[in-house]
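Here are my notes on the model you sent over, point by point. Have the structure open while you read.

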Amino acid sequence: MKKKYRIKKYSEIDAIFKTRNGVGDRFFVIYQGESEENNFRFALTIGKKYGNAVKRNLIKRQIRMVIYEIHHLIKHTQFVIVIKPLASTLSFQEIKQKIIKLMKKGNLMKDE
């Protein structure tokens with residue numbers, strides 16, 4: 001993903017968490033906030049209880065790939081995806097299905 005799609009500053013991520021506007025399930029939680037940009041921006045967070053660095057980086061790469069595949073359907077907003085430890089049991093296809101389902105539930109995707 002290009003840098004214009006990333007949220008890097010802790011203050012911006014914290015502001016999205018403080019809105020408390022999110023949807024989730026046992027595997028992921030997506031918090032969303034308002035964006036002043038002409039495109040969407042996102043961040044991924046994962047705790048150390050998930051596994052070692054290799055496992056954490058693998059699922060982050062997989063989620064970035066899912067977002068890259070559906071980036072043309074995402075509304076102009078900011079969101080943070082929180083990855084829970086139970087997500088380590090999912091395959092790539094299951095991750096893709098659950099992320100898309102949560103994004104539709106949270107009204108982050110365009111109607112197409």
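1. A quick definition before the pocket: a lining residue is one with an atom within 4 Å of a pocket point, where a pocket is an open set of grid points with protein on both sides within 12 Å along at least five of seven lines. Keep in mind too that this is a predicted model.

2. So which residues line the largest pocket? They are Arg 6, Ile 7, Lys 8, Ile 13, Phe 42, Ala 43, Leu 44, Lys 60 and Arg 64. The volume of this pocket comes to about 150 Å³. Sorted by class, its lining has five nonpolar and four charged residues, with no polar ones. Two elements, E3 and H2, each give two or more residues to the lining, and E3 gives the most, with three.

3. Now the inside. The largest nonpolar core has 28 residues, and Phe 28, Ile 63, Phe 79, Ile 81 and Met 103 have the most contacts within it. The elements that put in two or more residues are strands E2 (28-33), E3 (41-46) and E4 (78-83), along with helices H2 (53-69) and H3 (92-105). Which of them gives the most? That would be H3, with five residues.

4. Phe 28 deserves a click. Leaving out residues up to four places away in sequence, Phe 28 touches Val 23, Ile 59, Ile 63, Ile 81, Val 82, Ile 83, Ala 87, Leu 90, Ile 95, Lys 98, Ile 99 and Leu 102. There is also another core, apart from the largest one, with seven residues that include Ile 7, Ile 16, Val 29 and Val 80.

5. Val 82, one of the residues Phe 28 touches, sits in strand E4. Setting aside residues up to four places away in sequence, Val 82 contacts Phe 17, Phe 27, Phe 28, Val 29, Tyr 31 and Thr 45.

6. Why does the pair Tyr 5 and Phe 40 count as stacked? The ring centres of Tyr 5 and Phe 40 are 4.8 Å apart and the planes are at 25 degrees, and stacked calls for planes under 30 degrees apart. This pair joins distant parts of the chain, 35 residues apart: Tyr 5 is in the segment before helix H1 (10-19), and Phe 40 is in the loop between E2 and E3. Both Tyr 5 and Phe 40 are buried. Ring pairs also tie Tyr 5, Phe 40, Phe 42 and Phe 79 into a cluster.

7. Phe 40 turns up again in the contacts of Thr 77. Thr 77 lies in the loop between H2 and E4. Is Thr 77 buried or exposed? It has a relative accessible area of 10%, so it counts as buried. Not counting residues up to four places away in sequence, Thr 77 touches Gly 33, Ser 35, Asn 39, Phe 40, Arg 41 and Leu 108.

8. Lastly, some backbone angles to check. Arg 20 has a positive phi, near 55 degrees, without being a glycine. Its place is the loop between H1 and strand E1 (22-24), and Arg 20 counts as exposed because its relative accessibility is 65%. Asn 107 also has a positive phi, near 60 degrees. Asn 107 is found in the segment after H3 and, at 47% relative accessible area, is partly exposed.

Key
Residues numbered from 1 in each chain as written. Predicted model: local features only at pLDDT ≥ 70, side-chain atom pairs only at ≥ 80, totals over all residues. Heavy atoms only, no water. Core = buried A, V, L, I, M, F, W, Y, C linked by side-chain atoms within 4.5 Å. Buried < 20%, exposed > 50% of the residue type's maximum accessible area, 1.4 Å probe, protein only. Helix = DSSP H or I, 4+ residues; strand = E, 2+ residues; numbered from the N terminus. Contact = heavy atoms within 4.5 Å. Phe/Tyr/Trp six-rings, centres within 6.5 Å; stacked < 30°, edge-to-face > 60°. 1 Å grid on protein atoms, 1.4 Å probe; cavity = no way out; pocket = protein on both sides within 12 Å on 5 of 7 lines; lining within 4 Å. Points joined across faces, edges and corners; volume = space filled by probe spheres on them. Nonpolar A, V, L, I, M, F, W, Y, C, P; charged D, E, K, R; others polar.
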